[in-house]
Amino acid sequence: MAANTTLSTVTDYITDVRTLLQDEIAPYRYTDPQLLTAFNLSLLEGRRIRPDLFVFGCDDFPHYTAINANAVPIEKQFRMAFVFATAAHAMARDQEDFQDSRYVTFMQTFNAILLGTVLPPIAGGQPPGGG
Amino acid sequence: MTATAQDIKQLLDLARVKLIGVSDAALKAELFTVLDEFFKDSSCWTETVQVQIVANTTLYNVVPNGGQIVRLAGVVDVNNIPQPAIMPEIGTIQFGHAYNNPATFYASLVKTVSLPTGKNDIPVIPDWVIQQWRFGLLDGLLGNLKNTSIGSYADPKKAPYHLARFRKAIGSARVSALRRNTIGTQAWRFPQGFQTSSQIGGVSVGNDTRFR
């Protein structure tokens, strides 16, 4: 039985994020630098809520400046969470109701994988004059 | 002989299936904490090291083979007679008085796990520890990790149950160590200031584990 190498490099993550975003054909809607920023932010958010994931194997907290074959030291069972967080951050810039809903769903998936709990969606206020 | 990777893996696997969502890093970090508490409070990991006595010297440095010293359990001479000694600083034995002649003494050191850990961030421990105290250590892992405030494995209600079982295991390990893993022997002995180390006067002095 071969070792499971799913999502082991930066390229693996960004490729899978593009699949979720349905943005696999150039020219891309989400540029590589934008997705790299989103990926680095997702790692920071992961460290905030699950610092134990970065205790060993990370002398310096990982930060990536290029999409390449650099290894990402995340334990296998938590890798999917960072795909969803990266995709969610990329979608956060969109101003469409449908994307807002996906953003919330993706962030909830991220939290569910890392924390085991689903955070409530961010709800807007009552519109002026609304019943 | 150090614990085998198979023993460590089995212990961590037992914990992992009961702690959904726990990371390997958290398990290994907590294992060090659990082992440290287990060894410090039970004093069950000891090592006997030689101390080469030289004339007119009361202070001697001792270095254990793996692990770190917690406290001094005692010093005996070649005739197994206890010698008055303390450990004012960890790693330094101070005798009550200087000896006139060179001799070889044996110091019994109580040890615990130390940093840096071994391969794969697993602390170096004797092979018998997990084989003997597997479920006690498992309770320590479960109790400490369930006692966290956040995480899918957090369960503050069940944590006290596991921690109580862990403390019970520590107590059992302490008693086993005091009885030297025997059954039916006494766990104590008279203060050594009252001991008689010869049979002068026709009085035989012995107990269940030693006769002199």
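## A walk through chains A and B

Let's start in chain A, where Pro27(A) sits in the loop between α1 (10–21) and α2 (32–49). What you are looking at is a predicted model, so keep that in mind as we go. The peptide bond leading from Ala26(A) into Pro27(A) is cis, and its omega is near 0°.

Chain A has another backbone spot to look at. Go back to the segment before α1 of chain A and you'll find Leu7(A). Leu7(A) isn't a glycine, yet its phi is positive, at about 50°.

Now for the place where the two chains meet. The size of an interface is often given as the accessible area lost when the parts come together. Here, chain B and chain A bury about 850 Å² between them, with 58% of it on carbon and sulfur atoms. Three residues of chain B, namely Ser23(B), Ala25(B) and Asp121(B), supply 39% of the area that chain B buries against chain A, and that is more than any other three residues. On the contact list there are 13 residues from chain B and 10 residues from chain A. As for salt bridges between chain B and chain A, the count is 0.

Two packed helices are described by the angle between their axes and the distance between the axes. Take helix α1 (residues 5–18) of chain B with helix α3 (residues 127–146) of chain B: they pack at an angle of about 25°, and their axes are 10 Å apart. An angle under 35 degrees counts as roughly parallel, so α1(B) is roughly parallel to α3(B). The crossing of α1(B) past α3(B) is right-handed. On the α1(B) side, the residues in contact include Ile8(B), Leu11(B) and Leu14(B), while α3(B) brings in, among others, Ile130(B), Phe135(B) and Leu138(B). Sorted by class, the residues of this contact between α1(B) and α3(B) come to 11 nonpolar, 2 polar and 5 charged.

How do α2(B) and α4(B) cross, and at roughly what angle? The axes of helix α2 (residues 24–42) of chain B and helix α4 (residues 159–178) of chain B cross at roughly 45° and come within 8 Å. That is why α2(B) and α4(B) are oblique to each other. Once again you have a right-handed crossing, with α2(B) passing α4(B). The α2(B) side of the contact is made by Val34(B), Glu37(B), Phe38(B), Asp41(B) and Ser42(B), and the α4(B) side includes Phe166(B), Arg167(B) and Ile170(B). This contact of α2(B) with α4(B) has 7 nonpolar, 1 polar and 4 charged residues.

Methods:
Residues numbered from 1 in each chain as written. Chains lettered and ligands numbered in written order. Predicted model: local features only at pLDDT ≥ 70, side-chain atom pairs only at ≥ 80, totals over all residues. Heavy atoms only, no water. Axes fitted to C-alpha atoms, helices over the stretch in contact; angles between N-to-C directions. Helix = DSSP H or I, 4+ residues; strand = E, 2+ residues; numbered from the N terminus. Parallel < 35°, antiparallel > 145°, perpendicular 65-115°, else oblique. Left-handed = near helix turned anticlockwise from the far one by under 90°. Contact = heavy atoms within 4.5 Å. Nonpolar A, V, L, I, M, F, W, Y, C, P; charged D, E, K, R; others polar. Buried area = accessible area lost by both parts, 1.4 Å probe. Salt bridge = Lys/Arg side-chain N within 4 Å of Asp/Glu carboxyl O.
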